[in-house]
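Subject: Structure handover

Hello,

Please find the structure below.

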Amino acid sequence: MNEIPLVNLRRQYDLLKPEIKDAMERVFMTSDFILGEDVTFFESEFADFIGVKYAIGVASGTDALILALKACGVGSFDEVIVPAFTFIATAYAVSSCGARPVLVDVRETDFNMDPEKLADACTPKTKAIIPVHLYGCAAQMDSIRAFANKRNLLVIEDACQAHGARYGQEPAGGMSEAGAFSFYPGKNLGCFGDGGIVTTNDDNLAKKIRTMRNYGQSKKYHHDLVGFNSRLDSLQAAVLRVKLKYLKDWNLNRRKLVDVYHEALKEVAIGLPCAPCFNPGHVYHLFVIRTKWRDDLLNFLLANGIGAAIHYPVPIHLHKAYESLGYKAGDFPVAELLSRQVLSLPIFPEMFHDEILRVVEAVRQFLGD
Ligand SMILES: *Cc1c(COP(=O)(O)O)cnc(C)c1O
């Protein structure tokens with residue numbers, strides 16, 4: 001039987017091949033490889049898609065976070081609050097600025113930062129909060145922003161899994177000082193390598209990040225700020241311009257697939273993510289279920305050719321890399337519980353109906369349903 005991978009990028013490429021080849025050929029022919037016109041166009045098209053004033057293309061989602069933090073003035077001796085349950089890059093971005101990541105636990109309902117835990121994590125050194133819209137589901141931005149306003153803190157969104165996601169009417173990446181997106185190939189909008197973008201409505205911040213990502217230069221060989229080389233390649237931007245046109249439909253497809261999963265699994269003894277009808281802004285970067293028998297179910301699915309995976313098996317505080325933060329097991333019980341119970345089932349916009357049925361069948365079979 002055919003394998004069903006977690007994500008099948010090849011199927012998407014097959015559908016877009018002529019358009020993508022043309023777009024890349026255009027870049028080859030002009031040799032406009034660095035900050036070429038495709039980057040400029042993509043930045044404005046992406047900003048329009050999200051509904052923000054500015055978007056600045058950079059080399060990765062991690063760099064997008066780092067540049068946003070640095071441009072906001074986060075540096076040594078500062079503390080930045082991040083969720084204990086996220087991809088490690090959220091915390092690394094803080095460390096890369098010389099600041100200290102301070103963790104808060106997440107909510108069992110949506111796996112996102114728990115706003116009620118913010119007060120305990122806040123100290124006089126706290127400078128910013130980074131909510132993560134995990135798996136494509138927006139964090140509780142109203143409470144987070146209310147808290148940040150009260151304490152005079154910056155908010156920077158990690159929207160690396162949330163291209164097109166909404167919180168009520170507001171867009172992920174447009175609800176704070178700045179948003180960071182990743183174009184890692186498997187994300188809802190992915191390029192053919194690494195890429196990322198910062199979104200913001202703030203004129204000064206946009207200008208600063210634009211300068212910083214390109215050696216801090218205002219014009220060639222005139223360097224005003226200590227900067228970086230962190231640019232989105234023109235080739236990647238050309239690919240992303242093609243794909244961006246489909247993103248809305250792809251996100252809709254994901255929601256339809258989630259409806260199928262929900263319908264087929266609603267009576268099965270596993271925890272399901274929020275249904276599309278209850279959160280119309282969710283873009284389901286991942287479809288993550290919860291079960292006590294996670295490891296056995298994972299092995300069973302893999303043995304049946306189904307590419308399930310764990311996002312993420314270890315919460316931030318229990319990684320060796322962060323021993324120095326001084327946290328211990330038990331500090332963030334929800335994050336720890338989730339890391340033992342979450343399992344991502346295959347989801348990608350081009351997934352066939354019979355594939356999703358096979359996944360569902362396998363899950364039911366494992367649970368003896
Ligand atoms: C993918 C991701 C990142 C990092 O993006 P890269 O492009 O891989 O650097 C950061 N945070 C979250 C939540 C992510 O999923």
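An N or O atom in the side chain of Thr62 lies 2.5 Å from an oxygen atom of the ligand, a polar contact (a pair of N or O atoms within 3.5 Å). The side chain of Gln161 also has an N or O atom 2.8 Å from an oxygen atom of the ligand. For Asp158, a polar side-chain atom is 2.8 Å from a nitrogen atom of the ligand. On its own the ligand has 390 Å² of accessible area (Shrake-Rupley method, 1.4 Å probe), and the protein covers 92% of that area.

This is a predicted model, in which local features need pLDDT of at least 70, side-chain atom pairs count only at pLDDT 80 or more, and totals for chains, interfaces and linings use all residues. Residues are numbered from 1 along each chain as its sequence is written, and side-chain values use heavy atoms, with hydrogens and water left out.

There are 14 residues around the ligand (a heavy atom within 4 Å). Among them, Gly61, Thr62, Gln161, Ser182 and Lys187 come nearest. By type, the shell has four nonpolar, eight polar and two charged residues; Gly counts as polar here. Helices α3 (61-71) and α4 (89-96) each supply at least two shell residues; helices are DSSP runs (H or I) of at least four residues.

The structure also holds 12 aromatic pairs (ring centres within 6.5 Å). Tyr92 is in helix α4 and Tyr322 in the loop between α9 (294-303) and α10 (333-341), so the pair ties together parts 230 residues apart in sequence.

Regards

Technical notes. A polar contact is a pair of N or O atoms within 3.5 Å; within protein, one must be able to donate a hydrogen and the other to accept it, and residues adjacent in sequence count only if both atoms are side-chain atoms. Rings of Phe, Tyr and Trp (its six-membered ring) pair if their centres lie within 6.5 Å; planes under 30 degrees apart count as stacked, over 60 as edge-to-face and the rest as tilted.
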